[in-house]
Amino acid sequence: RFYHLTSDVKDSEGLWSAINTWRPILGNEAIPFANDGGDNQFFLDLSDSPPSVKVCLHDEGMKKIMLSKTFDEFIDGLDFDEDMI
């Protein structure tokens with residue numbers, strides 16, 4: 001699920017709430033943009049140039065794993081899941 005932009009900073013499904021909640025864990029140079037069904041956070045790592053896409057696995061001690069070198073590469077790698085309709 002991708003976060004949406006909203007002017008309501010307390011909207012739990014909005015980008016501002018996700019940033020405020022996850023900043024202490026991900027750091028100041030990360031922007032969470034989505035989560036999966038298990039609440040693992042997909043985020044842009046702005047310390048890389050260009051920003052890379054990583055996932056933070058909360059069930060594995062907040063382990064951060066690189067998924068793609070760019071956001072474009074990440075989007076291009078998404079697949080359609082018929083079970084999620």
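Mentor: Take Thr6, which lies in the segment before H1; helices (H or I, at least four residues) and strands (E, at least two) are DSSP runs, numbered from the N terminus. The model is a predicted one, where local features need pLDDT of at least 70 and side-chain atom pairs count only at pLDDT 80 or more, while totals for chains, interfaces and linings use all residues. Residues are numbered from 1 along each chain as its sequence is written, and side-chain values use heavy atoms, with hydrogens and water left out.

A polar atom in the side chain of Thr6 lies 3.2 Å from the backbone nitrogen of Asp8. For such a polar contact, the N or O atoms must be within 3.5 Å; within protein, one must be able to donate a hydrogen and the other to accept it, and residues adjacent in sequence count only if both atoms are side-chain atoms. Leaving aside residues up to four places away in sequence, Thr6 touches Asp11, Gly14 and Trp16; contact means heavy atoms within 4.5 Å.

In the whole structure, a search finds five aromatic pairs. Rings of Phe, Tyr and Trp (its six-membered ring) pair if their centres lie within 6.5 Å; planes under 30 degrees apart count as stacked, over 60 as edge-to-face and the rest as tilted. The rings of Phe2 and Phe33 are stacked, because their centres are 5.8 Å apart and their planes are at 25°. Phe2 counts as partly exposed because its relative accessibility is 44%, whereas Phe33, at 9%, counts as buried (buried is under 20% relative accessible area, exposed over 50%, partly exposed in between, with a 1.4 Å probe and protein chains only).

Another pair is formed by Phe42 and Phe74, with ring centres 5.9 Å apart and planes at 45°, so it is tilted. Phe42 sits in strand S2 and Phe74 in helix H2 (residues 71–76), 32 residues apart. Phe42 is buried, with a relative accessible area of 17%, and Phe74 is buried at 11%. Ring pairs link Phe2, Phe33, Phe42, Phe71 and Phe74 into a cluster.

Now the sheet. Its four strands form an open sheet in the order S1-S2-S3-S4, with antiparallel pairing; two strands pair if DSSP finds at least two bridges between them. Strand S1 (30–35) and strand S4 (63–68) are at the edges, each with a single partner strand, so one side of each has no neighbour in the sheet. On average, neighbouring strands of this sheet are turned by 35° against each other, direction ignored. Axes are lines fitted to C-alpha atoms, for helices over the stretch in contact, and angles run from 0 to 180 degrees between N-to-C directions. Strand S3 (residues 52–57) is joined to S4 by five bridges, and the two run antiparallel. Val53 stands opposite Ser68 in S4. Helix H1 (residues 15–26) packs on the sheet and touches S1, strand S2 (41–45), S3 and S4, its direction making about 120° with that of S1.

Overall, the protein has two helices and four strands, which run α-β-β-β-β-α from the N terminus on. Buried residues make up 33% of its 85 residues.
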